[in-house]
Amino acid sequence: MTVTEETAPASHFDRIGGASSVKAAVELFYDKVLADPELADYFADVDMAGQRRHLALMLTVVLGGPNEYTGRGLAEAHQPLNITVEHYAKVGEHLTVTLTELGVPADILADVQTVLGQVQGQVVAAGNRSGV
């Protein structure tokens, strides 16, 4: 091990266990979202295997892992869905609960919640942003 490897802080991605942990989180997260009657309709015509892959790749980037995402941008993918602030918040809650259940440390949860706040405007439909 080199001095750089010994002193470089581990990424959040590495700290939670890498790709297998992200995949487990995505699976549990979508189980929750698809069971939520207020959110399930957003995914009625969605290829969920592809959706799960996309979220795993995006969550990997958010957590400081390798960036291998080549899909559409957040706004391009979400604006046509007319997502409300309330539904965006519910999705964020499901993600937070999922990560908490999987034992993700509080500092990582806080960083994920910060990113959720930063990207909300790209996901929530323009006409649904009142009170944001």
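This is a short tour of the model, one selection at a time.

The model is predicted, so local features need pLDDT of at least 70 and side-chain atom pairs count only at pLDDT 80 or more, while totals for chains, interfaces and linings use all residues. Residues are numbered from 1 along each chain as its sequence is written, and side-chain values use heavy atoms, with hydrogens and water left out.

**Stop 1: an aromatic pair**

Select Tyr-30 and Phe-43. Aromatic pairs are rings of Phe, Tyr and Trp (its six-membered ring) with centres within 6.5 Å; planes under 30 degrees apart are stacked, over 60 edge-to-face, and the rest tilted. By that rule there are 2 aromatic pairs. In this one, the ring centres are 5.6 Å apart and the planes stand at 75 degrees, so the pair is edge-to-face. Tyr-30 sits in helix α3 (residues 19-35), and Phe-43 in the loop between α3 and α4 (48-62). They are 13 residues apart. Helices here are DSSP runs (H or I, at least four residues), numbered from the N terminus.

Are Tyr-30 and Phe-43 buried or exposed? Both are buried. Buried means under 20% relative accessible area, exposed over 50%, and partly exposed in between (1.4 Å probe, protein chains only).

**Stop 2: the largest pocket**

A pocket is an open set of points on a 1 Å grid over the protein atoms alone, where a 1.4 Å probe fits, with protein on both sides within 12 Å along at least five of seven lines; lining residues have an atom within 4 Å of a point. The space in the largest pocket is about 900 Å³, a volume filled by probe spheres set on the points, which are joined across faces, edges and corners.

Which helix gives the most to this lining? It is α4, with 8 residues. Colour the lining by type: 25 residues are nonpolar, 9 polar and 1 charged. Ala, Val, Leu, Ile, Met, Phe, Trp, Tyr, Cys and Pro count as nonpolar, Asp, Glu, Lys and Arg as charged, and the others, Gly among them, as polar.

**Stop 3: the largest nonpolar core**

Select Val-22, Tyr-30, Leu-63 and Leu-99. Of the 20 residues in the largest nonpolar core, these touch the most other members. The largest share, 6 residues, comes from α3. A nonpolar core is a set of buried Ala, Val, Leu, Ile, Met, Phe, Trp, Tyr and Cys residues joined through side-chain atoms within 4.5 Å.

Zoom in on Leu-99. Neighbours within four places in sequence aside, Leu-99 is in contact (heavy atoms within 4.5 Å) with Ala-25, Val-104, Leu-109 and Val-112.

**Stop 4: helix α4**

Val-62 is found in α4. At 35% relative accessibility, Val-62 is partly exposed. Beyond neighbours within four places in sequence, Val-62 is in contact with Val-112 and Val-115.

His-54 is in helix α4 too. With a relative accessible area of 37%, His-54 is partly exposed. Draw a line from His-54 to His-12: their C-alpha atoms are 19 Å apart, and the two are 42 residues apart in sequence.

**Last stop: Asn-82**

Where is Asn-82? It lies in the loop between α5 and α6. Asn-82 is not a glycine, yet it has a positive phi of about 55 degrees. At 47% relative accessibility, Asn-82 is partly exposed.

Methods. Helix = DSSP H or I, 4+ residues; strand = E, 2+ residues; numbered from the N terminus.
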